[in-house]
2 protein chains.
Amino acid sequence: MKIGIIGSGNMGRSLGILWAQQGHQVFFGSRDAEKGRAVAEFAGRGTQGGTNDEAAAFADVILWTARGIMPKELLSNADVLNGKIIIDCNNQDIPEGFAYPAIEESLAEKLASYVPNSRVVKAFNTMAQEVFELAPEPLKDYQVSVFVAGDDEQARKTVMQLALEIGFAPMDCGVLRNARLVEGLGDFIRLIMIGQQQGSYATISVKVLPAAQEQRLGGRQASALK
Amino acid sequence: MKIGIIGSGNMGRSLGILWAQQGHQVFFGSRDAEKGRAVAEFAGRGTQGGTNDEAAAFADVILWTARGIMPKELLSNADVLNGKIIIDCNNQDIPEGFAYPAIEESLAEKLASYVPNSRVVKAFNTMAQEVFELAPEPLKDYQVSVFVAGDDEQARKTVMQLALEIGFAPMDCGVLRNARLVEGLGDFIRLIMIGQQQGSYATISVKVLPAAQEQRLGGRQASALK
């Protein structure tokens, strides 16, 4: 898969390297082409680097790490995004005292409203970039969730697969409107990490427990075996 | 500890029974005293039952399961709650298509505004009552979080202890305003359970992963031991 990273900071660099390690073709974009190329040189594994325009033109799947900056501000022609999958991994700024305003519209929905012909998917906003250091091993053991919301089912599946490959446990969260809830999780985990001082390795996992009835049946079968 | 259950439906019954099993004195309250007594008879273990007024007067810690119903509507004298800890375990109704409105004020903050002399704590709103069937064993193994928010630190600690005793992993979430985020988690997990069809045993765990550096050091030490 051809993956373009828009904004090659910590988040973009970490995810780009992980996907390159999985054999994907990765292009690191930056406002400063020199910086994009430097990241690619650092990353190795056949990755390329350059401008955001080049990254967007190159890719089928685009990781959008530029929070609150809309495509028309970063790209000379936003139409290059038509039909492509855009992963929005951003959260709102943390306000004084973690007194987050209520989320009336998600950042992902706002981004989608600017690129109505692209398939915007919310994902990767509920963990700090430090967690990527653990990917894909030993991360797999911890079953850390990546929550994936977007209106295009195939796009969600693609992003879930990209999460799975690097050691996360993807969770389908349905339509893009649900990005409001997923961004709420992003606000919550940063409260826990920073405000409640649990640190950058605090993560969220959604687990489906074995139902009580199954456990009782298991118990009965175990008893019958004695 | 003396625990009063206000509204002895599924949630109140399940938690009351679990706390009675841990040796606490539990009083099941109901609008209908006969129903309260019937729940206590079913629960056994020295539990009592009767009116909500009696439950509130009896208890040091009160589980408030009556969503959106304020103390003055349920109790003949809400002053009986002064100084007491009130656990609010409620979530907003699920709207059509899980299109939850943004949380401008939490249910817990609203409850607290009606009983300013009580210590309201948000907790137990992020799991379905089916999960209580697994408590305290094998629930302990799954490290399911109970998120606890309230302005009184001692009250939070008391509720965290009550969560721990019945097999949950309590997580201190700070001040009561953060109940907005915790209620957002309640909205989210019901989307996952019902909207995304993961069922009533879908749960949220916040885990702090071992830091990468510790793991690398562990690796180095392991190498040194070879």
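Which side chains meet in a salt bridge at 2.3 Å, N to O? In this predicted model, they are the side chains of Asp88(A) and Lys122(A). The two partners come from distant parts of the chain, Asp88(A) lying in strand S5 and Lys122(A) in strand S6 of chain A, 34 residues apart. Asp88(A) is buried, and Lys122(A) is buried as well. Lys122(A) also forms a salt bridge with Glu183(A), where the closest N and O atoms are 2.8 Å apart. This second pair again links distant parts of the chain, since Glu183(A) sits in helix H8 of chain A, 61 residues from Lys122(A) in strand S6. Glu183(A), like Lys122(A), is buried, and Asp88(A), Lys122(A) and Glu183(A) are linked in a network of salt bridges.

A salt bridge in another setting is the one between Glu137(A) and Lys140(A), with closest N and O atoms 3.9 Å apart. Glu137(A) counts as exposed because its relative accessibility is 52%, over the cut-off of 50%, while Lys140(A), with a relative accessible area of 38%, is partly exposed. Over all chains, a search of the whole structure finds 20 salt bridges.

The strands that carry Asp88(A) and Lys122(A) lead on to the sheet of chain A. Eight strands form this open sheet in the order S3-S2-S1-S4-S5-S6-S7-S8, and their pairing is mixed. Strand S3 (48-51) and strand S8 (169-172) are the edge strands, each pairing on one side only. On average, and with direction ignored, neighbouring strands are turned by 25° against each other.

Helix H2 (residues 33-43) of chain A lies across S2 and S3 of chain A and runs at about 170° to S3(A).

Next comes the nonpolar interior. In soluble globular proteins, nonpolar side chains tend to be buried together. The largest nonpolar core here has 57 residues, of which Trp64(A), Phe147(A), Phe188(A), Phe147(B) and Phe188(B) touch the most other members. Helix H8 (residues 179-195) of chain A contributes the largest share of this core, nine residues.

The contact between the chains takes 45 residues from chain B and 45 residues from chain A. About 3,700 Å² is buried between them, with carbon and sulfur atoms giving 64% of that area. Within chain B, Leu181(B), Phe188(B) and Leu209(B) lose the most area to chain A, together 18% of what that side buries. How many salt bridges does the rule find across the interface of chain B and chain A? The answer is zero.

Some loops deserve a separate look for their backbone geometry. Most residues other than glycine have a negative phi, and most peptide bonds are trans. Phe98(A), in the loop between S5 and helix H5 (107-114) of chain A, has a positive phi of about 55° although it is not a glycine. Phe98(A) is buried, because its relative accessible area of 14% falls under the 20% cut-off. Arg45(B) has a positive phi too, near 50°, and lies in the loop between helix H2 (33-43) and strand S3 (48-51) of chain B; with a relative accessible area of 57%, Arg45(B) is exposed.

How values were computed
Residues numbered from 1 in each chain as written. Chains lettered and ligands numbered in written order. Predicted model: local features only at pLDDT ≥ 70, side-chain atom pairs only at ≥ 80, totals over all residues. Heavy atoms only, no water. Core = buried A, V, L, I, M, F, W, Y, C linked by side-chain atoms within 4.5 Å. Buried < 20%, exposed > 50% of the residue type's maximum accessible area, 1.4 Å probe, protein only. Helix = DSSP H or I, 4+ residues; strand = E, 2+ residues; numbered from the N terminus. Pairing = 2+ DSSP bridges. Axes fitted to C-alpha atoms, helices over the stretch in contact; angles between N-to-C directions. Contact = heavy atoms within 4.5 Å. Buried area = accessible area lost by both parts, 1.4 Å probe. Salt bridge = Lys/Arg side-chain N within 4 Å of Asp/Glu carboxyl O.
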